[in-house]
Amino acid sequence: MFPPAFGPRIGYLCKYLKKAGWQPVVVTEYIEDKTFSFLAKELDVTYVNFYKASGTVFQYIEWLMVFLADFLLNYKDRKMTQVASKLLAQGGYSGILCSTYRTFPLPAAYQLSKRFQLPFIADTRDILEQYASTEYIAHSFRTFPFIDKFIIGVFKKKLLQGRNKALSAANYITTVSPWHVQIMSQFNYNVALIYNGFDPEIFYPEKIPTSQFRVTYTGRLLSLTTRDPQLLFEAIALLSQKNLIQPQDFRVQWYIDKTSKEILQQQANLYGVIEFMDFYNYVPAAEIPKILNRSSVLLQLANLASGKGPKGIMTTKLFESLAVEKPLLCVRSDESYLEKIINNAHAGLAARDVNQVYNFLYTYYQKWKEKGYTTIQINKAVVDQFSRRQQAKQFMDIFEKVV
């Protein structure tokens with residue numbers, strides 16, 4: 001994906017490539033989303049629209065038809081190859097960068113690199129191996145559970161075959177965490193770690209007094225197996241039982257989608273803390289810096305990085321939270337690379353038990369009552385390495401190496 005849809009990694013990269021005098025030309029799937037509209041300006045972008053139907057039933061039928069055509073005939077990659085070929089045939093290009101979260105459009109990039117004799121870099125973000133279950137499937141097939149499971153198994157096998165073939169042929173692979181580097185190194189010797197990050201021109205600390213203590217989360221809750229808020233709800237319940245916090249001035253703000261809201265409401269009711277919750281829809285990305293700076297604690301949801309748990313997940317919102325220098329609370333700690341970054345940055349707490357969350361929230365609640373806002377002394381040397389400007393430099397170094 002690419003802006004205006006949710007595509008911060010490549011959107012910010014193109015912004016800083018242009019600032020450095022490069023000329024990025026983008027071919028991307030069209031997604032009906034305006035979250036990152038401000039990153040789509042003054043860029044050379046061609047959008048390929050695979051979905052045009054309206055109405056729930058027709059949209060599902062169209063999605064299913066595209067899925068089948070893609071599964072059987074590689075339809076989406078063929079279409080992407082066709083569109084990109086018209087641009088590449090004009091000449092003047094130095095290389096191809098393909099950023100993917102599953103497989104598409106890596107096979108297209110691989111074919112284009114062979115056809116036009118151009119170096120090819122694969123940027124892998126949310127790979128299939130990182131998920132605890134099948135959260136990478138956007139829609140249910142709406143058949144019987146055992147049939148759905150079989151279809152997903154076959155689909156996953158095909159995705160991995162296409163992805164791994166392209167990865168093996170790439171001149172370089174870039175990816176987003178040390179765990180991802182380990183996985184990608186199975187397919188290619190040339191693998192570089194380039195984290196997700198924050199734009200320093202947009203995300204910076206501000207001390208803004210607020211009338212309420214606000215714990216803020218922006219993003220999705222794919223599943224409780226991947227992101228589990230249990231320790232947060234338990235700690236709030238304990239603080240409330242001891243009459244140390246009241247709903248009037250202690251709020252948890254969720255900026256989420258409809259499905260995530262339903263999961264969180266159910267869990268909050270289960271732990272008896274629903275009266276502390278506020279639910280909002282997604283907001284444009286341009287509004288996020290103010291929301292973060294008007295918060296008292298910034299929330300990261302995670303889970304233990306075990307064999308069956310999520311692995312290597314470090315979202316953009318982690319680094320944007322670091323940039324505004326607000327206390328960061330991660331529940332539950334992955335006890336892995338995510339915890340290490342939070343600790344190295346002196347950014348807050350990656351919690352392993354409810355007592356840690358209880359003490360963390362109460363400590364910063366008291367600091368908020370004293371000053372009207374909260375802040376934390378981060379390790380700037382650690383945080384600065386996650387700047388989008390620095391990451392664009394990393395990409396440019398790799399481009400120059402392979403070209």
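Helices here are DSSP runs of H or I with at least four residues, strands are runs of E with at least two, and both are numbered from the N terminus. This is a predicted model, in which local features need pLDDT of at least 70 and side-chain atom pairs count only at pLDDT 80 or more, while totals for chains, interfaces and linings use all residues. Residues are numbered from 1 along each chain as its sequence is written, and side-chain values use heavy atoms, with hydrogens and water left out.

**Helix α7 and its surroundings**

- Helix α7 covers residues 230-241, 12 residues in total. From its first C-alpha to its last it reaches 17 Å, close to the 16 Å expected at 1.5 Å a residue; that expected span is 1.5 Å times one less than the number of residues.
- Buried residues of α7 include L231, L232, F233 and A235, and also I236, A237 and L239. Buried means under 20% relative accessible area, exposed means over 50%, and partly exposed lies in between (1.4 Å probe, protein chains only).
- The cover over these buried residues includes the strands β8, β9, β10 and β11 (328-331), together with the helices α8 (258-270) and α12 (354-371).

**Salt bridges**

- The structure holds 15 salt bridges. A salt bridge is a side-chain nitrogen of Lys or Arg within 4 Å of a carboxyl oxygen of Asp or Glu.
- Side chains of opposite charge can pair when their charged atoms come close.
- One of the bridges joins K19 and E201, at 3.5 Å from N to O. This pair links distant parts of the chain, 182 residues apart: K19 sits in helix α1 (residues 8-19), and E201 in the loop between β6 (191-193) and β7 (213-218).
- K19 is exposed, with a relative accessible area of 53%, whereas E201 is partly exposed at 39%.
- K19 and E201 also belong to a network of salt bridges that links them with K15, D199 and R389.
- K76 and E29 form another bridge, with their closest N and O atoms 3.2 Å apart. Here helix α3 (residues 75-88), which holds K76, is linked to strand β1 (residues 25-29), which holds E29, and the two residues are 47 residues apart. Both K76 and E29 are buried.
- R251 and D278 meet in a salt bridge at 2.8 Å, N to O. R251 is in strand β8 (residues 250-255) and D278 is in strand β9 (residues 277-280), 27 residues apart. Both R251 and D278 are buried.

**A nonpolar surface patch**

- V57, F58, I61, M65, L68, L72 and L73 form a nonpolar patch on the surface, with about 750 Å² of accessible area together.
- F58 is placed in helix α2 (residues 56-73) and counts as exposed, at 57% relative accessibility.

**Cysteines**

- A search of the whole structure finds 0 disulfides, a disulfide being a pair of cysteine sulfur atoms within 2.5 Å.
- For C14, the closest cysteine sulfur is in C98, and at 13 Å that is too far for a bond.
- C14 is buried at 4% relative accessible area, and C98 is buried at 5%.

**A buried serine**

- S296 lies in the loop between α9 (288-293) and β10 (297-301), and is buried with a relative accessible area of 1%.
- Leaving aside neighbours within four places in sequence, S296 is in contact with T210, Q212, F213, R214, P327, W368 and T374. Contact means heavy atoms within 4.5 Å.

**Backbone details to look for**

- A cis peptide bond joins F104 and P105, with omega about -5°; P105 lies in the loop between β3 (96-100) and α4 (106-116).
- The peptide bond from V331 to R332 is also cis, with omega near -15°. R332 is in the loop between β11 and α11 (337-344).
- Q117 is not a glycine, yet has a positive phi of about 55°. Its place is in the loop between α4 and β4 (120-124), and Q117 is exposed at 67% relative accessible area.
- H346, a residue other than glycine, has a positive phi near 55°. H346 is in the loop between α11 and β12 (348-350), and is partly exposed at 47%.

Technical notes
Patches are made of residues with over 30% relative accessible area and no salt bridge: like charges are joined within 9 Å, nonpolar side chains (Val, Leu, Ile, Met, Phe, Trp, Tyr) within 5 Å. Accessible areas come from the Shrake-Rupley method with a 1.4 Å probe; for residues, only the protein chains shown count as cover.
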